[in-house]
Amino acid sequence: MFVAPRLAPRLASAGRLYALPSQSSFRSFAAAAKANPIAVCKTSMGTFKAEIYLDKMPITASNFIALAKEGYYNGVHFHRVIPQFMAQFGCPHAKDPKSRRAGTGSPEPGTKFSNLATGAEITRNRGGCIPDELTQRISNEPGTLSMANTGQPESGGSQFFINVKHNSFLDWFDKSSPSKHPVFGKVLPEDLDLVVKITQVPTTSDNPKEPIQMESISIEGL
């Protein structure tokens, strides 16, 4: 992120090869006209749920869902939290809560996932990142899940952040800054207080002094 550079992960290949979700998950989401799936995020501080915008952001949402189903996020820690701003998560290096590489990792280059809305196969690039999905004018409002990136094209992989205030300057369609962070989901209103509490824990250089682990992310509604 340009205004707060350390929000952006550097390009790096990290992680392992994982099996893809079952083919039954690849049926056209749009054709089924279902409600959006819900991510159940169980952390060491409690559980929150988030709607994932598969209807509006199928590429970004499908990438997140595939990673969650593979167990990619399980055991990873929040590596950067800032009160009145956001909580950042999703770097594979942050399985070690004090890793100096936290914030630099992405999925393995060349791994694949399915666009759950169309069935099309998508291959992550040589940085382990996905195509930019700058299509929907969804603002970085409190509770929204938004892709972290380096500011370069197609540099978002597995890392995302959860806004706890309206950070409109991060919107890809806001011209007040060069930041372009597309929103792909939102924490359910009744669970936002937990995310706010996560951003308020004591930190050292924005890293929680007491590690906050994502124990698991499961997907409901697919």
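Predicted model: local features only at pLDDT ≥ 70, side-chain atom pairs only at ≥ 80, totals over all residues.
Let me start with the overall make-up. The protein has 13 strands and three helices. There are 222 residues, and 56% of them are buried. Take the contacts between residues at least 6 apart in sequence: 69% of these join residues at least 24 apart.

Strand β1 covers residues 38-43 and strand β2 covers residues 46-52. They run antiparallel, and six bridges join them.

Which other strand is joined to β2 by three bridges? That is β10, residues 183-187, and this pair also runs antiparallel. Here E51 has K186 in β10 as its bridge partner. As a general point, side chains in a regular strand alternate between the two faces of the sheet.

Next, the cysteines. How many disulfides does a search of the whole structure find? The count is zero. C91 has a relative accessible area of 0%, so it is buried. C129 is at 1% relative accessibility and therefore counts as buried.

Let me move to a loop. T150 sits between β8, residues 144-147, and β9, residues 160-163. The side chains of T150 and S155 are joined by a polar contact of 2.9 Å. Further along the chain is S179, 29 residues from T150; the C-alpha atoms of T150 and S179 are 9.1 Å apart.

Last topic: the aromatic rings. Searching the whole structure gives 11 aromatic pairs. One of them is Y73 with F89, a tilted pair at 5.5 Å centre to centre, with 40 degrees between the planes. This pair links distant parts of the chain, 16 residues apart. Y73 is in the loop between α2, residues 58-70, and β3, residues 76-77, while F89 is in strand β5, residues 86-89. What about their accessibility? Y73 counts as buried at 1% relative accessibility, and F89 is buried with a relative accessible area of 0%.

Y73 has a further ring partner, F160. Why is the pair of Y73 and F160 edge-to-face? The ring planes are at 90 degrees, and the centres are 5.9 Å apart, so the pair is edge-to-face. This pair, too, links distant parts of the chain: Y73 is in the loop between α2 and β3, F160 is in strand β9, and they are 87 residues apart. F160 counts as buried, at 3% relative accessibility.

Which residues do ring pairs link into a cluster? They are F64, Y72, Y73, F78, F89, F160 and F184. If you have the structure open, Y73 is a reasonable place to start looking, with F89 and F160 as its ring partners.

Methods:
Residues numbered from 1 in each chain as written. Heavy atoms only, no water. Helix = DSSP H or I, 4+ residues; strand = E, 2+ residues; numbered from the N terminus. Buried < 20%, exposed > 50% of the residue type's maximum accessible area, 1.4 Å probe, protein only. Contact = heavy atoms within 4.5 Å. Pairing = 2+ DSSP bridges. Disulfide = S-S within 2.5 Å. Polar contact = N/O pair within 3.5 Å; in protein donor to acceptor, adjacent residues only side chain to side chain. Phe/Tyr/Trp six-rings, centres within 6.5 Å; stacked < 30°, edge-to-face > 60°.
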